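Dear colleague,

I am passing on to you the structure shown below, together with a summary of what was found in it. Please keep it at hand while reading the notes that follow.

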Amino acid sequence: MEKYTELFKRPDSLETICSVAEPEDLDVLVDYITDKGKGRLSLDSAVCKQLNAARARHQYSLADKGHIKQEILLFGGNSIANVSRSLLRGISMMPLVGTSVGAALGPVSATVEYKTVLAEVAKQVGAPFKADESIVDIEKSLLITIFKKGFDLSSTAEKQRVLDALGMKKMEQLSSISMFSSSFWNAAGMVIASTVANAVANQIVGSAVAAGAMAVAGRPLVALAGPVGIAVGGLWTLAGLSSPAYRVTLPCVVQIAYMRMKYLSLANPVRVNL
């Protein structure tokens with residue numbers, strides 16, 4: 001699809017993900033950022049109001065998307081460094097004016113980079129990665145780690161249903177498989193991504209990721225919905241004890257990983273080897 005051409009050029013870009021995102025996917029991010037519209041002490045009330053209005057309309061302007069990007073990076077900065085959010089805002093928040101994607105979704109100079117936010121969340125959930133790996137590869141590690149945690153909590157019957165759905169014969173294959181195998185991700189990547197994203201949404205905001213979005217990108221595995229949800233709940237609680245901001249960054253990072261994989265898969269399922 002032509003819409004996702006820029007994403008192929010810059011697959012690691014948070015800016016590009018936000019610019020091409022579908023409303024139903026942004027709705028989930030807004031729920032995470034705003035605590036289902038209730039607001040947060042660390043979230044500017046005007047930004048919260050603007051994002052809630054966009055969610056209610058189910059339409060997002062470039063300025064709205066820019067705020068989503070900025071808030072994720074600001075919460076990420078809070079979870080990594082114990083600094084004043086108001087100071088971050090005073091230094092880094094720039095007026096979102098103009099009509100170009102570059103103007104509305106430009107760099108947030110005083111916040112952390114998205115890869116740093118992702119890396120911190122990956123560490124929190126115990127996902128292995130190397131510092132020089134791409135954002136796409138770290139996201140794969142994050143998704144498969146959470147998926148495996150749910151798999152390990154499943155009953156024998158549930159595990160077998162999962163293996164059947166993924167086209168595997170033995171449970172050991174899921175533990176030993178390379179998370180960077182192109183053939184594996186082409187065949188089962190979207191199923192894993194949608195299963196994890198759906199479990200996170202159900203656990204944290206009490207509703208699933210939009211069914212319409214999943215219908216074209218790989219439906220979640222019902223057999224793992226409960227176990228992955230339990231695993232996510234434990235991770236979310238532990239993350240919150242470490243830093244309240246992780247309660248925002250953890251689900252946002254999972255949702256963005258799901259979105260990135262979905263959009264790249266939709267754009268060219270033959271060409272993309274995630």
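His67 has a relative accessibility of 11% and is buried, because the cut-off for that class is under 20% relative accessible area. This histidine belongs to helix α5, which covers residues 62-80.

Please note that the model is predicted. The protein chain has 274 residues, of which 52% count as buried. Its secondary structure consists of 15 helices, with zero strands. Among contacts between residues at least 6 apart in sequence, 70% join residues at least 24 apart.

Confidence

The mean pLDDT of the protein chain is 75, and 65% of the residues reach 70 or more. Confidence is highest in helix α4 (residues 45-57), at a mean of 96, and lowest in helix α13 (residues 211-215), at 42. Where pLDDT is low, the predicted coordinates should not be read in detail.

Salt bridges

Side chains of opposite charge can pair when their charged atoms come close. The count for this model is eight salt bridges, and three of them are described here.

Which residue forms a salt bridge with Glu139? The partner is Arg260, with the closest N and O atoms 2.7 Å apart. This pair links distant parts of the chain, since Arg260 sits in helix α15 (residues 246-267) and Glu139 in helix α9 (residues 135-152), 121 residues apart. Are Arg260 and Glu139 buried or exposed? Both are buried.

A second salt bridge joins Arg10 to Glu15, whose closest N and O atoms are 3.8 Å apart. Arg10 is partly exposed, at 35% relative accessibility, whereas Glu15 is buried, at 16%.

In a third, the side chains of Lys38 and Asp35 meet at 3.8 Å, N to O. Lys38 counts as exposed, with a relative accessibility of 61%. Asp35, at 25%, is partly exposed.

Packing of helices α9 and α10

Two packed helices are described by the angle between their axes and the distance between the axes. Helix α9, which also carries Glu139, has an axis that comes within 10 Å of the axis of helix α10 (residues 156-166), and the two cross at roughly 140°. Why are α9 and α10 classed as oblique to each other? Their axes cross at roughly 140°, and an angle counts as roughly antiparallel only when it is over 145 degrees, so this pair falls in the oblique class.

On the α9 side, the residues in contact are Phe147, Phe151 and Asp152; on the α10 side, they are Lys159, Val162, Leu163 and Leu166. By type, the residues of this contact divide into five nonpolar and two charged, with no polar ones.

With kind regards

Terms used: Residues are numbered from 1 along each chain as its sequence is written. This is a predicted model: local features need pLDDT of at least 70, side-chain atom pairs count only at pLDDT 80 or more; totals for chains, interfaces and linings use all residues. Side-chain values use heavy atoms; hydrogens and water are left out. pLDDT is the predictor's confidence in each residue, from 0 to 100. Helices (H or I, at least four residues) and strands (E, at least two) are DSSP runs, numbered from the N terminus. A salt bridge is a side-chain nitrogen of Lys or Arg within 4 Å of a carboxyl oxygen of Asp or Glu. Buried means under 20% relative accessible area, exposed over 50%, partly exposed in between (1.4 Å probe, protein chains only). Axes are lines fitted to C-alpha atoms, for helices over the stretch in contact, and angles run from 0 to 180 degrees between N-to-C directions. Angles under 35 degrees count as roughly parallel, over 145 as roughly antiparallel, 65 to 115 as roughly perpendicular and the rest as oblique. Contact means heavy atoms within 4.5 Å. Ala, Val, Leu, Ile, Met, Phe, Trp, Tyr, Cys and Pro count as nonpolar, Asp, Glu, Lys and Arg as charged, and the others, Gly among them, as polar.
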